[in-house]
Every structure is written in C-alpha cells, then in structure tokens.
Amino acid sequence: MRTPSSIGLPDKFASWRKGQDRALKDILYSSERFDMLTTPTGSGKSATYMGIAAINEGQRVCVLTATRALQDQLLSDFRTMGLVDMRGRQNYDCEIAEVTAADAVCTAGVWCEYLKLPGCGY
C-alpha cells in the first residue's frame with residue numbers, strides 16, 4: 001500500500017496505523033453506494049476517509065461531524081487538501097441585526113440585500 005503522503009495526505013501522516021490500510025481498501029473497492037467506518041477513537045478515521053477523498057480526486061466528499069472541535073481539527077489537518085468548512089446558521093453573525101444568521105430576517109422570507117453580496121458570512 002502506498003504511503004499516506006504519496007496519495008496526497010499532509011506530511012504529518014507519514015504511515016498508516018494498524019488497520020487503516022485495510023479500511024481504506026475495503027471502502028475503495030466496495031460496490032455499495034454508502035459505506036460506514038466505525039472504529040475507536042484514535043484509530044485514524046480522519047486520515048482514512050481523507051485518503052479515500054484523495055484517491056477519488058474530482059469526486060465530492062462530505063464529512064459530517066458531531067462537534068465543532070472535531071470540525072476545527074479536520075480543517076487544521078486537511079485544509080491543504082482543499083477541505084472547506086461549512087457550519088450551521090447559528091455559527092454566523094447577521095450583517096444587519098444583532099442576531100445570528102439562524103434568527104435573521106431572511107429566514108422568515110424577508111429579502112436581505114446582503115444575500116446577493118459577499119457581505120453575508122453565511
């Protein structure tokens with residue numbers, strides 16, 4: 001199996017952890033539309049699924065996380081691969097009111113001039 005950095009993962013991922021290469025191969029060669037990876041904390045799930053993303057260059061990959069801390073960690077580790085961060089409306093401030101984008105007037109169907117401009121953070 002090629003090394004993580006040879007398939008496009010950041011240099012900090014120098015080698016595969018035990019079982020990572022097998023998980024990567026199992027998912028890559030699966031004929032299923034969706035695959036799940038259920039392994040313990042610290043087993044290297046992030047490098048495994050980002051390795052799959054690197055090998056399947058040109059295809060979209062979506063990673064859903066349960067915590068903002070994990071989202072921050074993924075972005076820190078894989079931003080160089082093109083990973084971008086998208087969060088829920090409550091994580092963005094409204095540009096025209098003292099509320100988050102989750103409670104902004106645009107959520108109630110009211111037109112907001114910032115929706116067309118790059119001024120809306122959401």
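**Exposed sites and a buried helix in a predicted model**

Arg68 is partly exposed, at a relative accessible area of 47%. The model is predicted, with local features requiring pLDDT of at least 70 and side-chain atom pairs pLDDT 80 or more, while totals for chains, interfaces and linings use all residues. Residues are numbered from 1 along each chain as its sequence is written, and side-chain values use heavy atoms, without hydrogens and water.

Arg68 belongs to helix 3. Helices (H or I, at least four residues) and strands (E, at least two) are DSSP runs, numbered from the N terminus. Beyond its neighbours within four places in sequence, Arg68 contacts Arg87, Gln90 and Asn91. Contact here means heavy atoms within 4.5 Å. Glu32 lies 36 residues from Arg68 along the chain, and 29 Å separate their C-alpha atoms.

The overall architecture is helical. The protein contains three helices and zero strands. Their order from the N terminus is α-α-α. The C-alpha trace spans about 55 × 30 × 30 Å along its principal axes. The radius of gyration is 18 Å, whereas a compact globule of 122 residues would have a value near 14 Å. This radius is taken over C-alpha atoms, and the globule rule is 2.2 Å times the number of residues to the power 0.38.

Of the 122 residues, 24% count as buried. The exposed surface comes to about 9100 Å². Carbon and sulfur atoms supply 51% of that area. Areas follow the Shrake-Rupley method with a 1.4 Å probe. Positive side chains number 14, and negative side chains also number 14. The centres of the two sets lie 7 Å apart. Lys and Arg count as positive, Asp and Glu as negative; His and the chain ends are not counted. Each charge is placed at NZ of Lys, CZ of Arg, CG of Asp or CD of Glu. For contacts between residues at least 6 apart in sequence, 44% join residues at least 24 apart.

The largest nonpolar core holds ten residues: Ile7, Leu9, Phe13, Trp16, Leu24, Ala47, Met50, Ile52, Leu74 and Phe78. Such a core is a set of buried Ala, Val, Leu, Ile, Met, Phe, Trp, Tyr and Cys residues joined through side-chain atoms within 4.5 Å. Helix 2 (45-55) and helix 3 (68-78) are the elements that give two or more residues to this core. Helix 2 gives the most, with three residues.

Helix 2 is mostly covered, with eight of its eleven residues buried. These buried residues are Ser46, Ala47, Thr48, Met50, Gly51, Ile52, Ala53 and Ala54. Their cover includes helix 1 (20-28) and helix 3. Ala47 touches Leu9, Phe13, Trp16, Gln20 and Phe78, leaving out residues up to four places away in sequence.

Gln20 is located in helix 1. Gln20 counts as buried because its relative accessible area is 4%. Gly44 is 24 residues from Gln20 along the chain, yet their C-alpha atoms are separated by 6.7 Å.

Two further residues lie outside the helices. Phe34 sits in the loop between helix 1 and helix 2. Its relative accessible area is 65%, so Phe34 is exposed. Phe34 and Arg89 are 55 residues apart in sequence, and their C-alpha atoms are 27 Å apart in space. Glu113 occurs in the segment after helix 3. Glu113 counts as exposed because its relative accessibility is 55%. From Glu113 to Pro10 the C-alpha distance is 40 Å, at a sequence separation of 103 residues.

Conventions
Buried < 20%, exposed > 50% of the residue type's maximum accessible area, 1.4 Å probe, protein only.
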